[in-house]
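Q: Please take a close look at the helix packing here. Then set it against the sheets and the chain as a whole.

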Amino acid sequence: MALLPLILLLIVAGSMVYCALVLYAAQHYLSRKPETLGSPVPVSILKPLAGKDEGLEGNLRSFFEQDYPDFELLFAVRRTDDPAVPVVEALRRQYPRISSRLIVTGEPPYPNAKVFSLRHMIEAAQNELLVMSDSDVRVTPEMLRVIAAEFQDSRLGLATCPYRAAPGRSLWSRLEAVGMNTEFLSGILVARIVEGMRFAVGPTIAARRAAIDAIGGIERVKDYLAEDFVLGRLVHDSGWGVGLSSYVIEHRIGSQPFGDNMRHRLRWARSTRRSRPSGYAGQLFTNPLPLALILTAVSPSWWPVLAATAGLRALAAWAAAWLVLKDKLTARQWWLLPVQDILSFFFWIAGFFGNTIVWRGRTYYLRSDGRFILVR
């Protein structure tokens, strides 16, 4: 056998092992017994806002409608003329019995504006248990009950909520959602069983104030683009437990045109590479279908490997998207999966090149340690 086909075959075999790990990791995650809530503790929900996202009113309303006896809602914007302000004020009038507050922070003095907003809200928050959630998140009324029950474990300092991406009407957003609900979640589930939760990801993170204080405050991650990942790592290193919550949120990614979606994906890839370089290189094995296609193109006689790989990839996607997330999109439009896998592979390669990103109309330079600075 020629050297190149042999190398490709070994890589594809590694990818097939990874798919098997996804199946095991999904079952391991689902095997946990749900915690029963005893005495509810008060919770502060922190919502950093910037502009009016698609579906913003419905997203925020879902937090006002929590079936929980004691919680407050804090919102933060940079300026009083932010388009999100009227939406927040209207909801506060509709739910006068819910303790809520809108904070105007001013312009951030450091790169990560979200961290600046969180700092102001943490300072104003009344409670020990904090739920930090982005504006594009929608939840069901039982969210706080599930999270509060999990934090009855006194060792738990921070928990990431896995998320089910809900796309807008565009093809590009549907492709991205399929990728998030299969490939991205699979990586989290496998990391959880291989090395444990030493990181945090995603649009909703719950944490004890004591755990945030233990790392020197939320400003410790003010210079990082992937502040969620770094926050989880710092909390873990400080001695607190980090977990993956059993509560699945809905992450509404909206409809982006082709150009915006591509820039968003490239930003994500470059950020991941800088946050976890070795892990990013290891993502080679999380692309089984493109790798098997390359192997078959080089050596057509190995087509049975392609068929076996496609089957394993489909099973792994089903385990993550349906068993864990109950994602109807991937079940209904399964034919998007191979298209998304190939597109994702190209973005993974592109992520190795370039050190700048465009975020909210501004250009930033990514340093090798994951920090970023404003260029223009």
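**Helix packing and its setting**

A: Start with helix α1 (residues 3–30) and helix α11 (residues 288–298): their axes come within 9 Å and cross at roughly 155 degrees. The model is a predicted one. Angles over 145 degrees count as roughly antiparallel. The two helices, α1 and α11, are therefore roughly antiparallel to each other. The crossing of α1 past α11 is left-handed.

Now the residues. From α1, the contact takes in Leu4, Pro5, Leu8, Leu9, Ile11, Val12, Ser15 and Cys19. From α11, the residues they meet are Pro288, Leu291, Ala292, Ile294, Leu295 and Val298. By class, this contact of α1 with α11 holds 13 nonpolar residues, 1 polar residue and no charged ones.

A second helix pair can be read in the same terms. Two packed helices are described by the angle between their axes and the distance between the axes. Helix α9 (residues 258–275) and helix α14 (residues 336–350) have axes that come within 9 Å and cross at roughly 55 degrees. That makes α9 and α14 oblique to each other. Here α9 passes α14 in a right-handed crossing. On the α9 side stand Met262, Arg265, Leu266 and Ala269. They meet Gln340, Leu343, Phe347 and Ala350 of α14. The contact of α9 with α14 has 6 nonpolar, 1 polar and 1 charged residues.

Thr356 stands opposite Tyr365 of β12.

Next comes the sheet of 7 strands. It too is open, with the order β3-β2-β1-β4-β8-β6-β9 and mixed pairing. From one strand to the next, the twist averages 20 degrees.

Inside this sheet, look at strand β4 (residues 129–133) and strand β8 (residues 204–208). They run antiparallel and are joined by 5 bridges. Met132 has Ile205, in β8, as its bridge partner. Helix α4 (residues 113–124) packs on the sheet. It touches β1 (43–48), β2 (71–77), β3 and β4. The direction of α4 makes about 150 degrees with that of β1.

Finally, step back to the chain. The protein chain has 14 helices and 13 strands. Its C-alpha trace spans about 70 × 50 × 40 Å along the principal axes. A compact globule of 376 residues would have a radius of gyration near 21 Å; the protein chain has 21 Å, which agrees.

Terms used. Residues numbered from 1 in each chain as written. Predicted model: local features only at pLDDT ≥ 70, side-chain atom pairs only at ≥ 80, totals over all residues. Heavy atoms only, no water. Pairing = 2+ DSSP bridges. Helix = DSSP H or I, 4+ residues; strand = E, 2+ residues; numbered from the N terminus. Axes fitted to C-alpha atoms, helices over the stretch in contact; angles between N-to-C directions. Contact = heavy atoms within 4.5 Å. Parallel < 35°, antiparallel > 145°, perpendicular 65-115°, else oblique. Left-handed = near helix turned anticlockwise from the far one by under 90°. Nonpolar A, V, L, I, M, F, W, Y, C, P; charged D, E, K, R; others polar. Rg over C-alpha atoms; globule rule 2.2 N^0.38 Å.
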